[in-house]
Amino acid sequence: MDKKNNALRVENFVLTSSRDVDGDLEHVRGLKKDNLLIQVASFMHNTVLVQTLKSELHKMFTDAKVVLLKHDDKLRTDLTFYSIAKNVDVDSIESEVLKELYLQTEKKDLSIDAYRNKLLSRYFTDHLTNLPNLYKLRSDLQEFKDFALVIFNIDNFQTINNFYGYVVGDFVIEQVGKYLQENIQEYSIYKLSGDEFAFIIDREIGFYELKEFLENLHKRIKNIIVSYQDIDIYVDFTLGSSINKDNKNIFSNVSMALKYAKEKGVKFWIYEDRMNFENTYERNLKLSGVVREAIENLRIVPYFQAIVDSKTFEVKKYECLARLIDKNEKILSPNLFIPIAKKIKVYNILTKTIIDKSFAAFEDSEYEFSINLSIEDIMCSEIFRFIIEKLKNSKASHRVIFELLESDAIEDYKKVDRFISEVKRYGAKVAIDDFGSGYSNFSYLTRVNVDIIKIDGSLIENIDVDQNAYIVVETIIEFAKKLGIQTVAEYVHSSVIMDAVKNLGVDFSQGFYIDEPSITPKKF
């Protein structure tokens with residue numbers, strides 16, 4: 001069917017098979033490529049027909065707005081083209097179509113109310129699940145004075161999408177929506193963005209009552225099984241809520257509670273004003289800008305701390321410690337900026353910068369120098385290739401020591417062994433940093449071929465007053481000597497500690513008593 005007037009052209013097609021796609025689209029190739037609204041209405045969206053149609057439409061009409069709608073007819077897919085003769089903004093094309101349809105009301109079989117409802121339903125309905133969406137939720141919240149908002153987030157949904165594909169991911173979302181409707185019938189379920197759902201508790205509720213409510217709710221909806229063909233996919237939720245009376249910030253508060261619950265690995269979390277999540281988020285946002293700016297302007301730099309022979313006090317090597325210098329010349333420690341760098345996905349640039357600058361500083365030096373790497377670094381193929389290329393082309397390759405953080409759990413020893421074997425081919429050494437903390441055990445040392453153990457500072461700093469720490473350090477040293485591994489004592493902060501580690505037979509020492517980190521290597 002083709003209906004025209006001076007401003008609006010409407011063309012309708014009915015498809016029953018993916019074989020119909022090419023034939024029907026051939027009829028509309030002559031349409032203008034812009035000022036076009038396309039509606040696809042079907043019973044399901046994850047069929048071959050709809051996915052093929054959607055893909056071809058995006059190729060043919062790159063600037064058109066494509067809207068997916070649902071109807072109850074399982075046998076047909078309706079395709080409707082609305083072409084506006086005048087130039088309009090893509091975001092307002094639906095409103096323009098509605099206006100033109102209004103002007104043609106008397107000439108159409110359907111009433112304007114039907115057209116209005118059909119078009120406006122897009123704004124208030126999630127067309128994958130047919131549930132009311134975020135805009136509808138925001139609108140409905142205006143009707144309540146006392147309420148609580150509960151948001152569900154599917155655990156590991158990205159893993160489901162990546163492993164099974166987006167068609168299966170959409171199917172899971174649809175089935176979860178139906179499950180929640182059937183099992184939480186006392187509330188209206190809303191579908192928010194991505195893998196999140198919500199509902200409103202339309203009454204005043206206190207913290208402890210809400211906590212009990214969420215505890216019981218989680219029991220009701222845990223361990224959902226979604227069956228797709230012969231596959232059983234297990235779905236669990238993390239919940240977030242808020243007892244804050246300020247409706248203006250309700251979404252941000254509940255989202256912060258949900259994120260906190262995810263980070264802590266708990267079933268749910270309830271936001272309270274006294275938690276001051278906003279301050280943390282504001283600080284992280286500011287830090288994100290500081291980190292990006294520093295990386296772009298090469299103000300991630302190594303600071304150098306001397307490591308001496310415990311017997312002779314002669315400097316033998318330096319550790320290269322990452323520091324960030326902001327635009328106000330303030331120095332930030334890695335504990336502040338490294339977690340942020342990982343979150344904003346610039347950590348690899350940071351690592352490569354420190355490696356580059358450390359090699360440059362010791363290219364023509366006689367000293368050994370060490371660079372800290374996380375297990376994440378050596379598991380990353382990009383960083384691995386960068387290090388190997390650096391070793392191939394540097395005169396300092398036989399003097400570099402890569403310190404692996406022992407506090408990181410090693411899950412793939414084969415990759416660690418490969419890294420160690422490859423860097424040693426170029427004369428580099430490998431150390432285990434912070435040994436004696438985190439995941440420490442002595443079998444760890446028998447599984448990785450390292451040259452040096454750096455004994456964790458928490459053991460060294462109290463060795464003069466803590467007998468247990470003394471015994472542990474003594475045991476580590478004896479074990480290392482039997483394996484032919486050198487030892488370094490960290491956190492040597494006084495002459496008493498220096499004497500103690502020397503008497504115990506620690507090969508090298510490092511700490512503020514010897515040298516503080518500085519932007520240029522200290523000469524003795």
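1. The largest nonpolar core holds 74 residues, and those touching the most other members are Val291, Phe359, Ile387, Leu391, Phe402, Phe419 and Val423. A nonpolar core is here a set of buried Ala, Val, Leu, Ile, Met, Phe, Trp, Tyr and Cys residues joined through side-chain atoms within 4.5 Å; buried means under 20% relative accessible area, exposed over 50%, and partly exposed in between (1.4 Å probe, protein chains only). Helix α12 (residues 347–362) contributes the most to this core, six residues. Helices (H or I, at least four residues) and strands (E, at least two) are DSSP runs, numbered from the N terminus.

2. The model is predicted: local features need pLDDT of at least 70 and side-chain atom pairs count only at pLDDT 80 or more, while totals for chains, interfaces and linings use all residues. Residues are numbered from 1 along each chain as its sequence is written, and side-chain values use heavy atoms, with hydrogens and water left out.

3. Phenylalanine 419 touches Leu373, Ile378, Phe384, Ile387, Phe402 and Leu404, leaving aside residues up to four places away in sequence. Contact means heavy atoms within 4.5 Å.

4. The axes of helix α14 (residues 381–393) and helix α15 (residues 413–424) come within 10 Å and cross at roughly 15 degrees. Axes are lines fitted to C-alpha atoms, for helices over the stretch in contact, and angles run from 0 to 180 degrees between N-to-C directions. α14 and α15 are therefore roughly parallel to each other (angles under 35 degrees). On the α14 side the contact is made by Phe384, Ile387, Ile388 and Leu391, and on the α15 side by Arg418, Phe419, Glu422 and Val423. These contact residues divide into six nonpolar, no polar and two charged. Ala, Val, Leu, Ile, Met, Phe, Trp, Tyr, Cys and Pro count as nonpolar, Asp, Glu, Lys and Arg as charged, and the others, Gly among them, as polar.

5. Leucine 217 lies in helix α8 (residues 207–221) and is buried, with a relative accessible area of 2%. Leucine 217 touches Val150, Phe152, Ile184, Phe199 and Leu239, again not counting residues up to four places away in sequence. Leucine 217 and isoleucine 184 are 33 residues apart in sequence and 8.9 Å apart in space, C-alpha to C-alpha.

6. Most residues other than glycine have a negative phi. Asparagine 130 has a positive phi, near 65 degrees; asparagine 130 is in the loop between β6 (125–126) and β7 (131–132) and is partly exposed, at 47% relative accessible area. Aspartate 434 also has a positive phi, near 60 degrees, but is found in strand β20 (residues 429–435) and is buried, at 19%.

How values were computed. Angles under 35 degrees count as roughly parallel, over 145 as roughly antiparallel, 65 to 115 as roughly perpendicular and the rest as oblique.
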